[in-house]
Amino acid sequence: MNRIVQGMGIAEVLKTVRGANGYYVTNTARDLSQSDYKNRILLHTDLLAAPSREEAGYFSLEITGGASVHVDILRKQVDPFLKLELLREKMPQTMFQTLCRGVNLFGYRPYPQNVIRFVVKEFAKYVDVWRVFDFLNHVPNMQAVFEEVQAAGKILEPSVCFSTGPEHTNEYYVQKVADILAVTGQDIVLCIKNHGGLGSPKRIGDLVDAILQKYPGMVIHYHGHNTDGNDIGRIVAAVMAGAKIVDASDHAFTGYYGPPPILTVIQTLKEYGRQAVGLNEAAVMETSEVLRPERKYYEYFESQFKGFDPTVQIHKLPGGAMGSSFEQAVKGGFLEKMPEILHEELPKVQVELGNYWSVTPGSQILWTTAVSNVQGGERYGNCSGDLKNLLLGKYGPFPFYQPPDWIYEKAFGPDWRTVLAQEGGTDLIEDIDLDKERKTLADKLGYAPTEQQLVTYLQHPNDAVNFFRFEEKFGKVYVLPPSILFRRGGFRLGETLTFKDHAGKEHVIEMGPMQESEDGAETNVYLNIDHHQRHFVFENAVAEAGEAKAIKLSKKEIEDLAKAGDVRTPFTANICEISVKEGQEVKAGEKLVVLEAMKMQTPVNSEVDGVVARIVAKVGDAVQAGDELVKVTPVA
Amino acid sequence: MKKKILIANRGEIALRIIRAVQELGHIAVAIYETPDKDALHIRAADEAIWIGDGPRCDYLNIDKVIGVAKKVAADAIHPGYGFLAENPDFAKACENNGIIFIGPPSEVIQALGDKVTARRIMQEAGIPMVPGTDNLTAGDAGLREALDFADKYGYPVMLKATAGGGGRGIRRVENEKQLRAELPMARAEAKSAFNNDAVFLEKAVINPKHVEVQILADKEGNTVHLGSRDCSIQRRNQKLVEIAPSLIQDKALVDRICETAVTAAKASHYVNAGTVEFLVDRDWNFYFMEINTRVQVEHTVTEMVTGIDIVRTQIKLALGKKLAFCQQDVHIRGFAVEMRINAEDPQNNFMPEGGKTVSVYRSPGGYGVRLDGFVYQGFTIPKVYDSLLVKMTVFGFSWNETVDRLRRCLNNFVITGPKTTIPYYLKLVQDPDFKKGDFDTSFIETHSHLINYDDQASEGSKLAHLIAEIHYKRENPYAI
């Protein structure tokens, strides 16, 4: 059978894979969730699938990492560590795999070295295979993670991110592999990370071949997306060229922008005389039988637009960004501009910004820049903070060439050379005092946090604290199926909900009436919990005067107001920083507020010299275009 | 003949009395202050007279209450408990105005209300008493008397206001230094609280059981007791939970206490309903404490185990009837427990929750449950009175059955709006010591962990809360 099981050492795993007559499959459930369901597939669903997934005999199950760690606490209300513990109980043999963004870990910005090492150490207790990448293929950005994974005795899978274009030659990638091996040594699995599903089957086959020519024993793991509908073709080409592990997932949930169906891969390659090693086809089918009834509860999170998108070869957006870009276009009201953004502006921006790899967080920079260029009227007229950091080399050096001078001038003004000289290059991010952070968290929670809680907090401080408080209030909610947790429009009167809680205790909840108090201030929701009547009181939101007359300001009006010191938010965003205090003197160009949208941070600067008269917004607020942020009284 | 009876009280006891009055076929007249304008006793009574804006001062105003009684031509006044119930001047004013005071004669109230006089009466009757002093002499002489007493009997000692009652005006003194410091304070406090600065000392009985006996007596001197009650579960000398009969295993001891109570009542020429309170120490010595000359909050438990309607009997006795039964007719059956469900937040030092509106009121029912309350859904609890909402009295044939029923009833009792003592009691009735019936006055203090309840703690409740929120919000905030 040659099945790979959890607990094998790296040497044994590599030996088994190399010696196997065929290829292995990684079930990239995490990527399926992220690319086609905005990362919302719940632990509840994964637990349903766990027994048959365990039976199936995958090389690994990718079930954590990427954006999922953040979404776990932010949207799914599940502890990312508890998730792994519970899955491990049901899947003792299957290796768990993660996707780690190197220095950016599971987030969007670089973390201090000691945080990276601490986070990797804690996750390495549960995660057997570590796929690590950097959107600039800058090896030093991955080094700390490499070291910690190897120190923990886990399987390291460094990635070369793949893209297309004149610079993206076999020579370049083979050299990149050499750079990686120089740091990691030979005992690795090498990932070709094709997050956009770019290139033809032939191109991928050639690349695999080129790497294996240079490094004959290399275990290559091909990761692709099915955005253009042709990843099966690329997988076949990769395996025929000698790739040993490929990514796919369960057909009951396959969509358009994530991995292709496992069963199709197996069936196709069989005809080519290649066997999926250790794989139990019946268990693969069984998993989809179990999952199929659940899919309808996730419909809301699927992309607004369904269907393969072969134009990905032009715009190169990674699978995970497809659904969210269309969602943003719908919410932002610029859907009609999508062809222009995707097929004209985005390719142009990619070339201008160095033709690097469109993957987190680089893909978000490309996307927001393209949108801003089309929406803002003036190209590069309003550079985001993240774009500026990219231009300054804060994420690492540009792989092929630096963007043209005029973009620097747009971003930093006529003195851009001085700015670049003074501020350019990667910053050494200073270590933070972990004991101090632990204490801060303890103060916020009112009890001593676990190391795992600290890990979660260090990555996403506000969201982590909110999540821990949520759990105190509502308990462990992963026990709720999507039919309950994701119910929209409320429940039916008399509807009966059953589930087992974290301790395994069965509960029956029967929905009762909902009644508003006489003065309308409160609403009582009645229900029977395990046949005991209970009711919960909710304070009704007071409709604010402003809500009724939501005035939509034009971009021009927002700019004019800003010039008068009435600073409004230019787009839908969350406030992530208030940089000034009331009464503070500010100069034109000085940062007032930092907004976050689409994971990108953008500063809002003062247009005038003056004094901060009033701060309307607060950190964490979700604001709409035109909402008041800060009032500055201009100096006459 | 139909009589008009004015109820000089409010809240649950006003309702309790109104019910008895109406059952007897008499006319019930309620009085109320402005903050009580929405109170239930006004609606239940046959007549309701507004007596002023209060708060409290009009219910306490003897002239006003007597004035109203005369105006409506009331034949009798029932004072309930608290307010004017144990004020001998009020009883006297009734007597002087030809109104029947439903309670003992004013001289009896006077004598028993003065703790020192009461002690003297009891001493003469041979009733066992905690060693104590007479009223302390004013100034340094009084301090010397106090110090001498404490030297003789040892610390701790209780420093009590002669005119105090209901747990007020009592201090426990641990040592000489504290005695010197507290004596003047106690005097000042007694002066302002009871308009009488007389204080005296008693030897402290450590962690006693509080056992009391219900007495009924007619004008001919026929006196019976209705058995014992245990009121040991107290918080800062305020009773929370009362039980009838006492759970003391030694029945002969309980009988002796009850007989002593009758002797004490007779010694004080007691008439009408009253309560003789005793302390029982760890060596099963019992000491007379005081006689309360009113109907007690906790009279319900005695009614449940004897079947005798105490308030009805009070009215009949006051109207000149003889006791219709003798001691042999009184039988105690089963157990009854009263829990005072107060609008208080036990987790915030029992802070009153007055001013809040009862948004949901769903009470338990079924066998063995009695509710004496005055709140209803939509009622806003006045801030200016006490926090008692409803007394839940539960009866059972055995102690175990009673405790089971208590738990069931508390589980089924839903009051929202104000926080209440319900979740605290729910924890209490599940405590092993309570279940065993093993408690003394230190119970609340030694079982302080009972305060650590979380009425929404269970995982099922928490998840239900989330489900309720998803239901309420419609646009599910967790499905974005």
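**Reading strands, a barrel and a contact**

Author: Four antiparallel bridges join strand β10 of chain B to strand β11 (residues 238–244) of chain B. This is a predicted model, in which local features need pLDDT of at least 70 and side-chain atom pairs count only at pLDDT 80 or more, while totals for chains, interfaces and linings use all residues. Residues are numbered from 1 along each chain as its sequence is written, and chains are lettered from A and ligands numbered from 1 in the order in which they are written.

Reader: What joins β10(B) to β11(B), and which residue stands opposite B:Gln238?

Author: Strands of a sheet pair through backbone hydrogen bonds, either parallel or antiparallel. Two strands pair if DSSP finds at least two bridges between them; strands (E, at least two residues) and helices (H or I, at least four) are DSSP runs, numbered from the N terminus. Here B:Arg235 stands opposite B:Gln238 in β11(B). The two strands form a hairpin with two residues between them, and B:Arg236 in the turn has a positive phi of about 50°.

Reader: Which strand do six bridges join to β10(B)?

Author: That strand is β9 (residues 209–217) of chain B, and the pair runs antiparallel. B:Val213 has B:Ser228 of β10(B) as its bridge partner. Five residues lie between β9(B) and β10(B) in their hairpin, where B:Gly221 in the turn has a positive phi of about 90°.

Reader: How many strands form the closed barrel of chain A?

Author: Eight strands, β1-β2-β3-β4-β5-β6-β7-β8, form the barrel with parallel pairing. Neighbouring strands of this sheet are turned by 30° against each other on average, direction ignored; axes are lines fitted to C-alpha atoms, for helices over the stretch in contact, and angles run from 0 to 180 degrees between N-to-C directions. As one example, four bridges join β3(A) (residues 96–100) to β4(A) (residues 129–132), with A:Cys100 opposite A:Val132.

Reader: How many residues does each chain bring to the contact?

Author: Two residues are in contact if their C-beta atoms, placed from the backbone, lie within 7 Å. Chain A brings 37 residues and chain B 22 residues. On the side of chain A that touches chain B, the largest share, six residues, comes from β11(A).
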